[in-house]
Amino acid sequence: MDAIRFEDVSFSYGSGAFAIRNLNFSVREGEFVAVLGHNGSGKSTLARLCNGLLVADDGKISVFGKSVSEKDNLFEVRKEVGIVFQNPDNQTVASIVEDDIAFGAENIGVPREEIGERISFALKAVGMEGYRNALCARLSGGQKQRVAIAGVLAVRPKVMILDESTAMLDPRGRKEVVDVVTRLNREEGMTVVLITHFMEEALRADRAIVMNKGEIVMRGTPEDIFERHEELQTYNLTLPRIGYICRKLREGGLNVADTLDEEKLAEEIASCGSLRNI
Ligand SMILES: Nc1ncnc2c1ncn2[C@@H]1O[C@H](COP(=O)(O)OP(=O)(O)OP(=O)(O)O)[C@@H](O)[C@H]1O
Ligand SMILES: [Mg+2]
């Protein structure tokens with residue numbers, strides 16, 4: 001079953017140019033898809049179309065088979081597709097963590113008796129059990145984003161879209177957030193769409209797409225896409241650091257194959273070294 005399906009979708013903000021142009025795209029239930037693309041390529045527009053925050057000018061968008069353009073489906077669709085945004089500070093709505101997490105669930109009318117349970121579940125899922133009564137303002141960026149994820153989880157969506165949710169975080173915060181969504185996908189079967197500028201993060205996904213000027217210009221596994229580095233550069237995207245390291249090692253005379261797997265690279269370097277010692 002497709003969790004999200006776009007058929008020939010176009011959208012313009014009204015200024016003439018299309019922010020999304022004739023897009024065909026789907027995400028299967030349980031899949032983890034990374035969306036890459038330079039500034040202004042249409043990634044956030046794509047995210048907002050998925051749950052009806054924006055309405056397509058043309059084409060058809062459905063979530064678990066329900067058309068997003070039908071007003072009667074919107075409430076259901078918004079429960080099923082949760083979005084975590086970029087700025088952790090803009091997403092905090094209450095001063096105490098548990099109130100913040102409860103907000104979305106309260107809004108969709110979850111009974112009071114059930115809210116407490118949902119908060120516990122969500123806090124555990126993001127590894128923040130010890131912070132239930134903490135002040136949001138005291139948390140690190142990574143912790144705030146994990147609370148934002150918990151707030152989305154408390155609504156119990158089937159799909160979570162992260163729209164550059166790691167962009168404002170330090171490397172540690174980024175890892176915390178990506179680890180949480182990877183675990184949610186692998187262990188809880190959550191469908192994940194991870195929009196990111198950080199190519200390394202796309203490596204966690206089953207599949208990746210690259211957007212440029214409102215269109216999908218590359219599709220494949222993250223490894224497939226990263227192998228096409230020259231093409232990536234034409235869309236103003238650069239390789240993950242490990243890709244450059246492989247290339248530099250080759251330039252320096254070590255015969256290592258392109259890989260994005262650190263352990264594999266370490267093994268290759270080790271075997272090159274032992275050959276040299278013979
Ligand atoms: N509210 C808006 N009004 C008018 N044009 C907009 C609006 N939001 C985005 N756009 C335009 O639509 C296009 C796609 O923007 P979008 O925000 O979807 O890209 P993005 O890939 O998310 O970019 P970024 O990496 O900067 O977040 C861009 O040309 C952008 O200038
Ligand atoms: Mg964006």
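The shell around ligand 1 comprises two nonpolar, eight polar and one charged residues. The model on display is predicted.

**Stop 1: the ligand.** Select ligand 1, then display the residues around it: Y13, S15, A19, G37, N39, G40, S41, G42, K43, S44 and T45. Which helix gives the most to this shell? Colour helix α1, residues 43-50, which contributes three residues.

**Stop 2: the sheet.** Next, select the six strands that form an open sheet, in the order β6-β7-β8-β3-β9-β10. The pairing within this sheet is mixed. In general, the strands of a sheet pair through backbone hydrogen bonds, either parallel or antiparallel. Which strands stand at the edges? They are β6 (81-84) and β10 (215-220), each of which pairs on one side only. On average, neighbouring strands of the sheet are turned by 20° against each other, direction ignored.

**Stop 3: one strand pair.** Select strand β9, residues 207-212, together with β10. These two strands run antiparallel and are joined by five bridges. To see one residue pair, select I209 and its bridge partner in β10, R219.

**Stop 4: the helices across the sheet.** Return to α1, the helix that gives the most residues to the shell around ligand 1. Helix α1 lies across β3 (32-37), β6, β7 (159-163), β8 (191-195) and β9, and its direction is at about 155° to β7. Finally, select helix α6, residues 171-188. Which strands does helix α6 lie across? They are β3, β7 and β8, and the helix runs at about 150° to β8.

Note on methods. Residues numbered from 1 in each chain as written. Chains lettered and ligands numbered in written order. Predicted model: local features only at pLDDT ≥ 70, side-chain atom pairs only at ≥ 80, totals over all residues. Near = placed C-beta within 6 Å. Helix = DSSP H or I, 4+ residues; strand = E, 2+ residues; numbered from the N terminus. Nonpolar A, V, L, I, M, F, W, Y, C, P; charged D, E, K, R; others polar. Pairing = 2+ DSSP bridges. Axes fitted to C-alpha atoms, helices over the stretch in contact; angles between N-to-C directions. Contact = placed C-beta atoms within 7 Å.
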